[in-house]
Amino acid sequence: MRRLPLFRPVSAGLSLLAVLLAFGAAPATAQMQPPQDTTQVTFDEAVRTALDQNTNIKRAQAQARQSNVQVRSEWMDFAPNLSIDSDVTRRVGRNFSQVTGDFTTQSTDFFNLSGRSSITLFNGFENISSLRGAREQAGADQTNLKRTRREVVFDVMDQFISLVESREIVRVRREQVAAQRQRLRQIEQFVEAGSRPESDLFTAEADLADAEQQLLQGKREREVTQTRLIQTLQLNPREAYDFRVPDLEGATLDSSRQELPALIDEAFRKRLDLRVAEAERRAAEQGVRSARSAYYPTLSLSGSYGTDWSSRGVAGNASDDFANQLDVNRGGGLSLSISIPLFDRLQRSNQVEQAQVQAQDAEYALQDQRQEIALQVRQSYLDYRNAVQQLEAANKRLRAAERARTAAQERYELGSADIVELQNAIRDYVDAASQQVRARYELFFQQKRIDYNVGRLSPSAPLLGAPAEP
């Protein structure tokens with residue numbers, strides 16, 4: 001199995017600047033200690049914080065809960081309903097009295113109590129199709145929640161890698177400022193001795209100012225990266241944070257699994273967004289079956305039982321007590337009803353057609369998702385191969401630039417080279433060192449992007465650990 005080292009030593013005679021470019025050459029403990037009120041955040045803590053506080057995950061969790069509620073609602077369609085009704089009424093007006101045989105004006109009180117229940121025995125399998133569709137959608141939302149968690153972890157990983165890179169760039173430029181200051185003092189001595197013109201001193205001062213400006217720009221990029229990380233983690237912007245980057249010393253990349261056809265096949269098996277699209281397509285198919293159920297008759301069973309009381313009593317006997325009337329007047333019924341749809345102004349046909357269109361859209365979305373996944377894996381595969389070549393080229397350029405800088409420095413001290421030649425050699429070396437840092441981290445990031453696009457990335461996996469299988 002071939003392993004690709006992220007950094008190869010360029011030569012034993014490199015200066016301190018080149019040595020600091022290696023992973024782990026200046027560990028986090030060597031940096032300036034943060035203030036006492038600064039909160040330290042490691043990579044694992046950042047991942048846990050993002051999974052707890054990220055709003056995209058919270059929205060996905062809410063959607064998953066809503067889908068579970070819909071599943072419970074569809075299950076309840078199989079159960080009978082039950083209701084108890086009661087009312088008290090007073091009727092005032094002229095009424096015919098069977099006792100006197102004449103109309104009288106009086107008020108009459110009524111009390112009714114009844115219970116009703118009904119259950120659907122058959123509705124064209126609509127309840128079955130709706131339940132299956134709701135379960136498919138709930139499964140899709142649960143899978144989408146897992147996918148969102150992976151997206152957030154990948155964003156945190158991306159920003160941590162960018163933070164490490166920006167800190168390395170700041171370290172390179174800080175060393176360059178120190179080197180320029182040392183060179184300025186040497187040139188001042190040459191000018192005082194009369195071996196160099198005063199214009200070389202002005203050029204060295206300009207080079208120092210340019211190096212300091214580049215250092216300030218690097219620090220700004222570092223702060224911007226930390227701000228993005230604070231936003232992703234939903235941390236309090238008012239507080240200060242010290243993000244403890246992982247130790248990447250000796251990190252290697254496995255190139256044995258980087259075959260494009262195998263990567264695409266693996267992505268088709270593991271990508272959660274593809275599973276979401278497949279579940280949504282199945283849910284849409286159940287929606288078509290649910291809409292077609294309107295063509296079938298509906299069969300239902302219902303029953304009721306109740307009693308009532310009146311202030312007139314039974315058969316005009318007002319002396320009947322309350323309990324006796326409730327016992328005498330009780331009764332109920334049971335009914336079986338069937339409803340056969342004949343013509344509903346084409347509403348059923350329209351609903352079926354709309355469901356078929358939604359199912360077709362879900363099928364197209366699934367096809368697009370498969371194509372998008374294949375293209376993402378292909379692009380990450382090509383980017384990874386390019387990053388390997390870029391790192392090899394950056395290492396070669398850094399070695400050549402270091403030798404050219406050393407030679408120009410020696411010629412300048414001997415008086416056979418002018419300040420312009422030395423200046424160009426130094427700038428080329430600094431640029432080569434910066435590009436080598438970027439190329440190294442770009443290669444590491446592209447490997448992680450392959451893991452993400454293939455579906456290997458797991459929220460529980462460390463930054464340097466092997467991707468966990470889902």
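Buried means under 20% relative accessible area, exposed means over 50%, and partly exposed is in between, with a 1.4 Å probe and protein chains only. Keep that in mind.

This is a predicted model: local features need pLDDT of at least 70, side-chain atom pairs count only at pLDDT 80 or more, and totals for chains, interfaces and linings use all residues. Residues are numbered from 1 along each chain as its sequence is written, and side-chain values use heavy atoms, with hydrogens and water left out.

Let's start with helix 4. Helices here are DSSP runs of H or I, at least four residues, and strands are runs of E, at least two, numbered from the N terminus. Helix 4 covers residues 126-193, which is 68 residues. Just after helix 4 comes Gly-194, with a positive phi of about 85 degrees.

Now inside that helix. Met-157 sits in helix 4. Buried or exposed? Met-157 is buried, because its relative accessible area is 1%. Its C-alpha lies 9.3 Å from that of Ala-46, while 111 residues separate Met-157 and Ala-46 in sequence.

Patch residues have over 30% relative accessible area and no salt bridge; like charges are joined within 9 Å. Areas come from Shrake-Rupley with a 1.4 Å probe, and for residues only the protein chains shown count as cover. A salt bridge puts a side-chain nitrogen of Lys or Arg within 4 Å of a carboxyl oxygen of Asp or Glu. Lys and Arg count as positive, Asp and Glu as negative; His and chain ends are not counted. Each charge is placed at NZ of Lys, CZ of Arg, CG of Asp or CD of Glu.

The positive patch is Arg-132, Arg-135, Arg-289 and Arg-292. Helix 4 and helix 7 (272-292) each give it two or more residues. Arg-289 belongs to helix 7, and it is partly exposed because its relative accessibility is 42%.

The negative patch is Glu-188, Glu-192, Glu-198 and Glu-205. Here helix 4 and helix 5 (198-233) give two or more residues each. Glu-198 is in helix 5.

Arg-345 is not a glycine, yet its phi is positive, about 60 degrees. Arg-345 counts as exposed, because its relative accessibility is 64%. Leu-346 is in that loop too. Its phi is also positive, near 65 degrees. Leu-346 is exposed at 52%.

How values were computed. Expected span 1.5 Å × (residues − 1). Patch = residues over 30% accessible without salt bridge, like charges linked within 9 Å, V, L, I, M, F, W, Y side chains within 5 Å.
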